[in-house]
Amino acid sequence: MQQEVQSNEARWGSPELGQLAGDLAAAAASASLVTPAVAIIDRSLVEQAAFKQPILRGLRRHAFGALRQPGLFVFQRPFGIVWALYAATYSVANVTDTISRKLGITAAGTITFATTMMANVPLALWKDIRFAQEYGTGRGPDAKTSNTPISVPLQNKSLARTAAAIFLVRDGVTIFGSFTLAPWLSDAIPDRLATHPHAKPIITQLTVPVLTQLVATPLHLLALDMYTRQYTMPFLERVKHSQQYLPSSTFLRCVRIIPAFGIGCLTNIELRSAFHAKVSG
């Protein structure tokens with residue numbers, strides 16, 4: 001029994017705890033880096049879908065607002081929601097990978113994907129619902145009487161559940177492409193095409209998550225339409241209406257995914273490696 005305790009202490013000594021602390025620090029820093037762009041883009045997308053607001057107008061308004069009043073922007077609820085989403089996602093991915101590799105689990109990649117999905121999906125769904133409630137209902141961003149949207153109660157629980165299910169599928173596509181498919185494809189790139197050791201993950205991490213949005217964006221728009229227009233209508237008509245901004249929305253979500261799961265993931269990976277190296281000596 002004493003030998004077992006000593007074995008566990010040896011396995012989980014201070015270097016390992018330091019690595020876990022580094023995992024959390026890297027996640028928090030990476031989330032802070034990507035949150036401003038993601039929050040602005042997501043709000044603009046919701047307002048475009050709900051009120052047909054030109055996407056560039058929304059981006060310009062919210063970006064200038066963030067620059068004029070950065071303190072107000074950072075401490076608003078939407079910023080906190082987005083930060084919590086990505087900080088939790090990166091943290092779970094980092095900690096799961098560290099523990100799995102320490103325990104010598106061969107399916108570390110699969111376990112990391114599963115736990116990251118379990119953390120990201122409910123938080124992303126919570127974020128989407130909160131953004132739809134805050135910015136997808138009420139008078140709209142251009143109303144002269146008030147700039148604050150008015151949330152309305154849900155009227156069709158069946159549509160709300162369907163929208164939530166579609167959001168889940170959308171997030172599954174994005175998470176799989178970002179945390180599982182990108183590393184797999186990185187290992188498949190021939191050495192003659194990328195001689196630098198960091199070139200392969202950079203290539204795949206900046207391209208694969210972006211390409212997943214070709215599948216994820218139509219799902220996102222359909223779910224958003226179901227949530228903001230909760231009344232019965234023919235399905236094909238709803239699909240047609242929801243996809244009217246598909247080209248611009250796809251482009252913007254591809255741009256959005258670069259900081260969220262491209263630059264954010266790369267920053268997280270590099271910071272995590274640096275923290276681990278420092279702890280290991």
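By contact I mean heavy atoms within 4.5 Å, and by helix I mean a DSSP run of H or I with at least four residues, numbered from the N terminus. What we are looking at is a predicted model, in which local features need pLDDT of at least 70 and side-chain atom pairs count only at pLDDT 80 or more, while totals for chains, interfaces and linings use all residues. Residues are numbered from 1 along each chain as its sequence is written, and side-chain values use heavy atoms, with hydrogens and water left out.

Let me start with helix 6 and its partners. In its contact with helix 8, D128, I129, A132 and Q133 of helix 6 meet H220, L224, Y227 and T228 of helix 8. By class, that contact has four nonpolar, three polar and one charged residues, where Ala, Val, Leu, Ile, Met, Phe, Trp, Tyr, Cys and Pro count as nonpolar, Asp, Glu, Lys and Arg as charged, and the others, Gly among them, as polar.

Two packed helices are described by the angle between their axes and the distance between the axes. The axes here are lines fitted to C-alpha atoms, for helices over the stretch in contact, and the angles run from 0 to 180 degrees between N-to-C directions. For helix 6 and helix 8, the axes come within 10 Å and cross at roughly 50°, which makes helix 6 oblique to helix 8; angles under 35 degrees count as roughly parallel, over 145 as roughly antiparallel, 65 to 115 as roughly perpendicular and the rest as oblique. The crossing is right-handed, meaning that the near helix is turned clockwise from the far one by less than a right angle.

Turning to helix 7, residues 157-188, we find that helix 6, residues 108-135, packs against helix 7 at an angle of about 135°, with the axes 9 Å apart, and so helix 6 is oblique to helix 7 as well. Helix 6 passes helix 7 in a right-handed crossing. Among the residues that meet there are F113, N120, A124 and D128 from helix 6, and R170, D171, I175 and F179 from helix 7. This contact has eleven nonpolar, four polar and three charged residues.

On a 1 Å grid over the protein atoms alone, a cavity is a set of points where a 1.4 Å probe fits but cannot get out, a pocket is an open set with protein on both sides within 12 Å along at least five of seven lines, and lining residues have an atom within 4 Å of a point. Grid points are joined across faces, edges and corners, and a volume is the space filled by probe spheres set on the points.

Finally, the largest pocket holds about 760 Å³ of space and is lined by 29 residues, of which R101, F179, P183, I269 and R272 lie nearest its centre. Its lining divides into twelve nonpolar, twelve polar and five charged residues.

Technical notes: Helix = DSSP H or I, 4+ residues; strand = E, 2+ residues; numbered from the N terminus.
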